[in-house]
Amino acid sequence: MAVRLGDVAPDFTAETTQGRIRFHEWKGDSWAILFSHPKDFTPVCTTELGAAAALKSEFEKRGAKIIGLSVDPVDSHARWEQDIQDVTGQKVNFPMIADPDRKVSDLYDMIHPNASDTQTVRSVFVIAPDHKVKLTITYPASTGRNFREILRVLDSLQLTANHSVSTPADWNDGDDVIVLPALSDDEARKKFPKGFETKKPYLRVTPQPNR
Ligand code: BEZ
């Protein structure tokens, strides 16, 4: 069954390039980005793993751990890491789950049989400190992900978890945000001392409150 927003991310035990883990225990009370790639030693995946490694410190700044997965075995992941470093200049600095028996892939519905019977699609799950799934994205094998977009979404998820706001299209950290329509103008004035602009009765914008 698909893993949906608000679900508790299923727990599992798996071999990784950094040893055996129990997912919830490994994650602890951090945020986590769990992402699958279709296959080791393939071109797009090689660029993606390098891109993710380059941004690990940005994820860490936001209290988030990253972990990859494919159905390849752990010795294959380990051998491929050298190629990733050769091509992208990035040492793979996060664990990659080996899932040859597809236990985790099935748990998270990462194999989409009408795309491929044997390989995981490019799934992304952003999981909050309470283990609840806050974001899912799925890309096909032919399209590499933009890991900066995942950072951008993480900024929004963390902001909106703590303030009565939502973020508009194409928002980036530091841009104005939207006051939740559920707040009255009086409540909004108290919560947002910098004020807000009413563009429509249901669309009020205010400077990002934690800046
Ligand atoms: C790639 O990473 O380039 C790739 C992986 C699996 C299928 C197609 C492309």
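This is a predicted model: local features need pLDDT of at least 70, side-chain atom pairs count only at pLDDT 80 or more; totals for chains, interfaces and linings use all residues.
Reader: Let's start with β1 and β2. How many bridges join them?
Author: 4 bridges join β1, residues 13-16, to β2, residues 19-22. The two strands run antiparallel.

Reader: How many residues sit between β1 and β2 in the hairpin?
Author: 2 residues lie between them.

Reader: Which residue in β2 is the bridge partner of Thr 16?
Author: Gly 19 is the partner of Thr 16. Ala 14 has Ile 21 as its bridge partner in β2.

Reader: Which side chains of β1 are buried?
Author: Ala 14 and Thr 16 are buried, and they point to one face.

Reader: What about β5? How many bridges does β1 make with it?
Author: β1 pairs with β5, residues 96-98, over 2 bridges. That pairing is antiparallel. Glu 15 has Ala 98 as its bridge partner there.

Reader: New topic: rings. How many aromatic pairs are there?
Author: The count is 7 aromatic pairs. Take Phe 12 and Phe 23: their ring centres are 4.8 Å apart and their planes are at 10°, so this pair is stacked.

Reader: Which parts does that pair of Phe 12 and Phe 23 tie together?
Author: Phe 12 is in the segment before β1, and Phe 23 is in helix α1, residues 23-27. So the pair ties together parts that are 11 residues apart in sequence.

Reader: Are Phe 12 and Phe 23 buried or exposed?
Author: Phe 12 and Phe 23 are both buried. Phe 23 also forms a stacked pair with Trp 26, at 6.0 Å centre to centre and 20° between the planes.

Reader: Where do Phe 23 and Trp 26 lie?
Author: Both lie in helix α1, 3 residues apart. That is about one turn of the helix. Trp 26 is buried, like Phe 23.

Reader: Which residues do the ring pairs link into a cluster?
Author: Phe 12, Phe 23, Trp 26, Tyr 108 and Phe 125.

Reader: And what lies over the face of Trp 26?
Author: Lys 65 does, at 5.3 Å from the ring centre. Elsewhere, the charged end of Arg 204 sits over the ring of Phe 196, 5.7 Å from its centre.

Reader: Back to strands. What is the order in the open sheet of 4 strands?
Author: The order is β8-β9-β11-β10, with antiparallel pairing. The edge strands are β8 (165-166) and β10 (197-200), each pairing on one side only.

Reader: Which residue in β11 stands opposite Ile 178?
Author: Val 205 stands opposite Ile 178. β9, residues 177-179, and β11, residues 203-206, pair over 2 bridges.

Terms used
Residues are numbered from 1 along each chain as its sequence is written. Side-chain values use heavy atoms; hydrogens and water are left out. Two strands pair if DSSP finds at least two bridges between them. Buried means under 20% relative accessible area, exposed over 50%, partly exposed in between (1.4 Å probe, protein chains only). Rings of Phe, Tyr and Trp (its six-membered ring) pair if their centres lie within 6.5 Å; planes under 30 degrees apart count as stacked, over 60 as edge-to-face and the rest as tilted. A charge sits over a ring if NZ of Lys or CZ of Arg is within 6 Å of the ring centre and within 35 degrees of the ring normal.
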